[in-house]
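Take a first look at the protein below.

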Amino acid sequence: MKKPHLIACALAAGLVFTAPAAAEPVKIPIHNWSSQIVGAYIVGKILGEAGSEVEFVPADSQAVYQAMCEGDIDIVHEVWEGAFGENFEKVVAEGCVIDAATHDAKTREEWWYPAYVEEKCPGLPDWKALDKCAAIFATAETEPKGRFLAGPADWLKNDDKRVEALGINFEVVNAGTADAIWAELKAAYEAKRPIVHFNWTPNFVEALYDGKFIEFPKHDAKCTTDASWGVNPDKIYDCGNPAGGYLKIGVHKGFPGKNPAAYNVVKKINFTNLDVAVMAKLVDIDKMEAEAAATKWLADNESKWRGWL
Ligand code: TMO
């Protein structure tokens, strides 16, 4: 909307005029889990209030870090330490992405089971107990091994490597979508059937279902780089995902120079666990469309986000 006006002014003044770079839309990725999609529209609306145009770009949740490094994406507002820490920290270290802000939300992404499973598998949530009763999680596809229902492959949780390093009797089966996990959880829960699947917090799940994360050996930075560390002296990934992980915002290194007004707002954006859980809940429990959910969150939290402007 701004561009034609600026160009008209430039023509009137008889100048060769280049529209300022800030007139370029801020490119925000859309990934494949509910809080992120709702949050993308929320961030878009807030940056719109700050005078920016925005463009939403469907993007793979791992490849997005290289895309942000190359300037094809401006901002990733939900950088989960467990899933994306490695790829995010790599591009930050390269200097092409800025670690712009850390939300108050503390995150965990891990294998999870409904509470009723404990009756059939004493010793949970310990991972050794899980291994002993692997057979109760078997499906036709995985028997005699237990099935671990993992997330979509782009969340890249290294579960195959974890299974191998810990020597547990499980096979990893990736769900195609987050919704496929929730449908299986619902069906298992109603039938009180054992299931262990990928889950995370903050999420809507904790508002609907009672359950716990598996306690694997505690995460350590060395676990993913130093084979000699941990219970398996020959393999990396012999540990769980970080508990109390960060949720960060990253931006392309050129973003502050290109759009300082938007960058100043981005640095202040700060979601709590409840904010992220509510974004997921509006879609996954209340069945709202993501854009309508964003509009509702913005209306319910106006004083909070106006404070970031
Ligand atoms: C990145 N995720 C929250 C789906 O684990």
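A residue counts as buried when its relative accessible area is under 20%, as exposed when it is over 50%, and as partly exposed in between (1.4 Å probe, protein chains only). This is a predicted model, in which local features need pLDDT of at least 70, side-chain atom pairs count only at pLDDT 80 or more, and totals for chains, interfaces and linings use all residues. Residues are numbered from 1 along each chain as its sequence is written, and side-chain values use heavy atoms, with hydrogens and water left out.

Start with the whole protein. Buried residues make up 49% of its 309 residues. Its secondary structure comes to 14 helices and ten strands. Both are DSSP runs numbered from the N terminus: helices are H or I with at least four residues, strands are E with at least two. The C-alpha trace spans about 80 × 45 × 30 Å along its principal axes. Now consider contacts, meaning heavy atoms within 4.5 Å. Take the contacts with a separation of 6 or more: residues 24 or more positions apart account for 71% of them.

Next, look at His 103. Is His 103 buried or exposed? It is buried, because its relative accessible area is 2%. His 103 sits in the loop between strand S4 (97-102) and strand S5 (108-114). Beyond its neighbours within four places in sequence, His 103 contacts His 77, Leu 247, Lys 248, Ile 249, Ile 269, Asn 270 and Phe 271.

Follow the chain into strand S5, where Pro 114 is found. Pro 114 has a relative accessible area of 0%, so it is buried. Leaving aside neighbours within four places in sequence, its contacts are Leu 185, Tyr 189, Ile 195, Asp 210 and Gly 211. Pro 114 and Gly 244 are 130 residues apart in sequence, and their C-alpha atoms are 21 Å apart in space.

Now turn to the core. A nonpolar core is a set of buried Ala, Val, Leu, Ile, Met, Phe, Trp, Tyr and Cys residues joined through side-chain atoms within 4.5 Å. The largest one has 89 residues, and Ile 42, Tyr 65, Trp 111, Phe 170, Ile 214 and Phe 271 touch the most other members. Domain 1 (4-106 + 246-308) and domain 2 (108-243) both give residues to this core, so it lies between them. The domain bounds come from an automatic or database domain assignment. Among the contacts of Ile 214 are Trp 111, Leu 124 and Val 196.

Finally, see how helices pack. Axes are lines fitted to C-alpha atoms, for helices over the stretch in contact, and angles run from 0 to 180 degrees between N-to-C directions. Angles under 35 degrees count as roughly parallel, over 145 as roughly antiparallel, 65 to 115 as roughly perpendicular and the rest as oblique. The axes of helix H2 (residues 34-49) and H12 come within 8 Å and cross at roughly 105°. H2 is therefore roughly perpendicular to H12. Val 38 and Ile 42 are among the H2 residues that meet H12. The axes of H12 (residues 273-284) and H13 (residues 290-300) come within 9 Å and cross at roughly 135°. H12 is therefore oblique to H13.
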